[in-house]
Amino acid sequence: LSRARKLLLDKHYPHITIHGLGAAIQQAIMLADAVKESLANQVTMDVTSDTVTLYDDVIPDDPDAQIVTQTRQSSAIHIKMALTDDMKRSFNGRRK
């Protein structure tokens, strides 16, 4: 939360993107909501989701057996956050 605020407010990044994969999707959403709330809802959010292919190397217990690569699909979320124009003007006015 503090890093997201620092990037937007102090470092003047035009936007940040919070990524979540699989079980971390809920945590990514909660983090984005916390950032939004901490900035008095003065952020825009563009949310996209997709499915990504993951590759797992399975190492067998038998040392003579070959390593097998398996693929699986997992859901992902990407939350792009940017300060609203009003918020940008507010902070630029304070920095002068």
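**Close-ups of a predicted model**

**View 1. T84 and its contacts.** Leaving aside residues up to four places away in sequence, T84 touches Q42, V43 and T44. This is a predicted model, and here T84 sits in the loop between β3 (68-83) and α3 (85-95). Is T84 buried or exposed? Its relative accessibility is 18%, so T84 counts as buried, the cut-off being under 20%.

View 2. In general, nonpolar side chains in soluble globular proteins tend to be buried together.

**View 3. M81 up close.** With residues up to four places away in sequence not counted, M81 touches L8, H15, I16, I18, A32, V35, K36, V43, T44 and M45.

**View 4. Helix α1 and what follows.** Which residues of α1 are buried? They are A4, L7, L8 and L9. After α1 comes H12, with a positive phi near 60°.

**View 5. The D56–R72 salt bridge.** The count comes to one salt bridge, and D56 forms it with R72, their closest N and O atoms being 2.5 Å apart. D56 belongs to strand β2 (residues 43-58) and R72 to strand β3, so the pair ties together parts that are 16 residues apart in sequence. D56 counts as partly exposed at 24% relative accessibility, and R72 counts as partly exposed at 42%.

Key:
Residues are numbered from 1 along each chain as its sequence is written. This is a predicted model: local features need pLDDT of at least 70, side-chain atom pairs count only at pLDDT 80 or more; totals for chains, interfaces and linings use all residues. Side-chain values use heavy atoms; hydrogens and water are left out. Helices (H or I, at least four residues) and strands (E, at least two) are DSSP runs, numbered from the N terminus. Buried means under 20% relative accessible area, exposed over 50%, partly exposed in between (1.4 Å probe, protein chains only). Contact means heavy atoms within 4.5 Å. A salt bridge is a side-chain nitrogen of Lys or Arg within 4 Å of a carboxyl oxygen of Asp or Glu.
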